[in-house]
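Hi,

Here is the structure I promised to pass on.

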Amino acid sequence: MSDDVLERVQQVCRDVFEDDDIVLTRSSTAKDIEGFDSLMKITFFVALEEEFGLRFGSAEIADLPDMGAVADLVRAKL
Amino acid sequence: MSVTQVLRDARGLAKGGHTAEALEQVRTALRSTPASPGELDRAGRWLGRALEEGGIAPAVEVHLVGQFTTSWLGTALQAVAWRAGVALEVVDAEFDNVVQHVAALPRAEGRPVVAVLLPWLGRLTTPGAPPSADAVDGALQQWQVAWQLAAERNVRVVQASYDHVLPGPGGYHLAGALGEDVGTARRLDEALRAALPPGAAWLDVGLVSGDLGRRAFYDARGDHLARQPLTPEGTAWLAEHVWSVVRATVTGPKKVLVLDLDNTLWGGVVGDEGPLGIQLGESAEGNAFRAFQQHCRLLSQRGIVLAVASKNNEADAREPFEVNPDMVLKLDDFAAFQAHWEPKSLSLQRISDTIRIGLEHFVFFDDNPAEREQVRQALPTVEVVEVPEDPAAYVRALQEGLYFEATAITEADRERAQQYQQEAQRRSLEQQAGGSLEAYLQSLGMQGDVRAVDEADLQRVHQLVGKTNQWNMTTRRHAREAIVAMAEDPRGVALTFRLTDRFGDYGLVGVILAVPDPEDPDTLDVDTWLMSCRVIARTAEQFFWRALVERARALGYRRLRGTWLRTKKNALVSELYGELGGTPVVEGDEERVWVFALDGYTPPVTWVEPAP
């Protein structure tokens with residue numbers, strides 16, 4: 001994985017979902033992650049905001065199809 | 001190491017079956033490293049499971065019963081409680097399900113159960129629009145029903161206040177008006193607070209949000225997304241406050257504040273710069289140290305016991321208190337004073353032994369990170385304040401720790417600090433005197449004041465005659481008129497005794513009523529002699545006796561006669577007249593009498609000096 005943003009997203013994911021075996025690719029989705037419910041989705045995005053020092057708008061996190069889109073959104077805000 | 005890194009390690013440890021060790025490491029990390037809101041959240045979520053896996057029974061059960069989503073408040077609460085060494089069971093009630101949740105609670109037996117009730121103004125009205133009178137009444141009624149249900153279930157209540165997020169359509173300057181959010185929240189809070197039952201604690205959310213700033217505390221995005229109207233920072237800060245109130249409700253606040261000296265109470269090192277060379281007042285830095293001293297002094301007046309733990313030569317450490325006029329705190333503000341070169345943890349242990357308060361009630365404030373770490377490691381139950389570099393931030397750092405949050409302050413709290421100070425100082429003198437009772441008594445600086453009984457003292461004298469049991473020679477319960485008659489007899493001697501020492505004023509603590517012997521005009525008979533037990537074993541009675549001997553001589557008496565009459569309680573003084581040098585003339589079981597020939601009699605030594 002050469003995408004260093006995706007790599008940091010993966011680390012956040014491991015910390016939030018307490019699973020060090022999580023491996024993310026651009027096509028990984030919420031379904032691939034155990035415990036990714038609506039509350040944990042918010043926890044995850046808030047953790048990303050803290051990690052990257054940015055803030056998502058209300059609409060931005062509504063429809064992100066996969067982790068590739070998450071990484072792209074983060075990158076666009078850095 | 002960051003909390004995040006420690007949590008990663010802890011996951012691995014727990015996986016390998018070392019959950020207890022993992023829990024300990026997480027606690028240590030939370031104590032020594034400031035955690036971000038995200039780290040607190042993750043620590044709390046992990047703890048919720050790990051505590052159970054580790055077989056640690058929660059000491060307190062906390063139900064978060066809110067009109068907004070409290071999931072994240074719960075995880076943060078779990079983490080801050082564990083930081084203090086307390087395992088909580090946090091139950092996150094279903095959103096806006098207040099009465100039903102409390103009604104479904106079983107009766108609390110054994111460990112304390114606390115319901116934290118968290119209102120949300122937005123549930124009452126569209127933000128900015130005035131709520132109907134019915135809605136307001138309904139809201140008030142709902143909380144009161146919840147209190148009632150909690151009381152019936154032996155569940156303690158922490159009632160959080162309403163708060164506004166924004167001033168609303170009235171704008172900042174009209175927002176307090178009737179019907180605006182600010183005014184509505186205030187009126188509701190007033191009504192709630194007035195109705196709050198005894199024992200329930202009040203959590204003023206407006207103070208908490210205002211301290212962080214509502215802009216940083218509230219988050220409309222989270223409200224719309226998941227009924228979570230608090231930012232991560234706001235959530236963490238509210239969790240700290242919820243914990244402080246829960247702790248106050250369950251175990252009470254911390255009791256003792258242990259302070260370092262150099263660069264904590266003043267700027268610079270007194271051993272180098274001298275008691276007048278230290279920074280105190282007159283500069284920005286000096287003013288900051290003075291302000292911190294002022295805050296500590298006010299805490300002491302509120303009932304927090306102060307103590308010193310300093311690495312210094314004792315004489316150097318004491319000198320600023322004695323000679324520097326800019327010092328706000330004085331030596332007698334402290335219940336214990338440890339200044340030497342041994343480890344601070346040892347100082348804290350000794351302070352705990354001296355004042356007889358457990359270390360779990362201690363807060364330690366020291367500018368030196370190495371000392372803080374030493375205490376953290378050696379004494380895991382002591383709260384160690386993360387002291388900022390700039391002394392201007394000291395007061396805030398101490399206050400933000402929420403160590404001394406109480407739900408009520410009693411008169412006894414205020415007096416407690418003073419009593420501990422006096423007791424501890426006496427004991428410390430006893431120790432310094434190295435076991436020599438004489439040196440100890442001398443160091444007390446006792447001063448006695450003997451006066452003839454007068455009108456002003458009559459009531460107190462009568463009271464003591466009526467109630468003193470142990471140190472009482474004859475236990476004759478004279479009527480007030482009889483005391484007056486003895487006091488007015490020109491051949492009689494009626495005396496009061498007052499005592500002070502370096503640490504305090506004991507007031508009127510002794511009475512002698514002596515009358516001429518009707519059969520022998522040369523003998524003065526001690527009808528009554530009593531002392532308060534607070535002043536025994538300090539040669540106070542010898543001082544008082546000496547005064548009586550002088551007055552008897554001045555009146556021309558040649559003999560004194562003392563009587564002891566047995567009661568169930570006064571064995572303490574059965575031999576006293578013998579010890580004072582009297583000759584026994586009656587040696588019964590129930591009654592003993594001694595005579596003192598005043599010619600050539602020398603009363604025993606006393607360490608009490610006459611008051612000037």
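A definition before anything else: I call a residue buried under 20% relative accessible area, exposed over 50% and partly exposed in between (1.4 Å probe, protein chains only). Bear in mind that this is a predicted model, so local features need pLDDT of at least 70 and side-chain atom pairs count only at pLDDT 80 or more, while totals for chains, interfaces and linings use all residues. Residues are numbered from 1 along each chain as its sequence is written, chains are lettered from A and ligands numbered from 1 in the order in which they are written, and side-chain values use heavy atoms, with hydrogens and water left out.

Salt bridges

With a side-chain nitrogen of Lys or Arg within 4 Å of a carboxyl oxygen of Asp or Glu as the rule, there are 41 salt bridges over all chains. One of them joins B:Asp163 and B:Arg214, at 2.8 Å from N to O. That pair links distant parts of the chain, 51 residues apart: B:Asp163 is in the loop between β4 and α7 of chain B, and B:Arg214 is in helix α10 (residues 214-217). (Helices are DSSP runs of H or I with at least four residues, strands are runs of E with at least two, and both are numbered from the N terminus.) B:Asp163 has a relative accessible area of 9%, so it is buried, whereas B:Arg214, at 23%, counts as partly exposed.

In chain A, A:Glu60 bridges to A:Lys77, with the closest N and O atoms 3.2 Å apart. A:Glu60 sits in the loop between α2 (38-52) and α3 (67-77) and A:Lys77 in helix α3, so the pair ties together parts 17 residues apart in sequence. A:Glu60 is partly exposed at 31%, and A:Lys77 is partly exposed at 30%. Back in chain B, B:Arg451 and B:Asp449 form a salt bridge at 2.9 Å between the closest N and O atoms. There is also a network in which salt bridges that share partners join A:Asp3, A:Arg26, A:Asp72 and A:Arg75.

Aromatic rings

Rings of Phe, Tyr and Trp (its six-membered ring) pair if their centres lie within 6.5 Å; planes under 30 degrees apart are stacked, over 60 edge-to-face, and the rest tilted. The structure holds 28 such pairs over all chains. B:Phe68 and B:Trp120 are edge-to-face, because their planes are at 70°, with centres 5.9 Å apart. B:Phe68 is in the loop between β1 (60-66) and α4 (71-83) and B:Trp120 in the loop between β3 (113-118) and α6 (133-152), so this pair ties together parts 52 residues apart in sequence. Both count as buried: B:Phe68 at 5% and B:Trp120 at 12%.

B:Trp545 and B:Phe596 make a tilted pair, 4.7 Å centre to centre with 55° between the planes. B:Trp545 comes from helix α23 (residues 540-554) and B:Phe596 from strand β17 (residues 591-597), so parts 51 residues apart in sequence are tied together. Both residues are buried, and both belong to one aromatic cluster that has B:Trp471, B:Phe497 and B:Trp594 among its members.

One more spot to look at

B:Asn324 is in the loop between α15 (314-323) and β8 (334-340) of chain B. It counts as buried, at 5% relative accessibility. Leaving aside neighbours within four places in sequence, B:Asn324 is in contact (heavy atoms within 4.5 Å) with B:Pro275, B:Leu276, B:Ile278, B:Leu280 and B:Glu319.

Cheers
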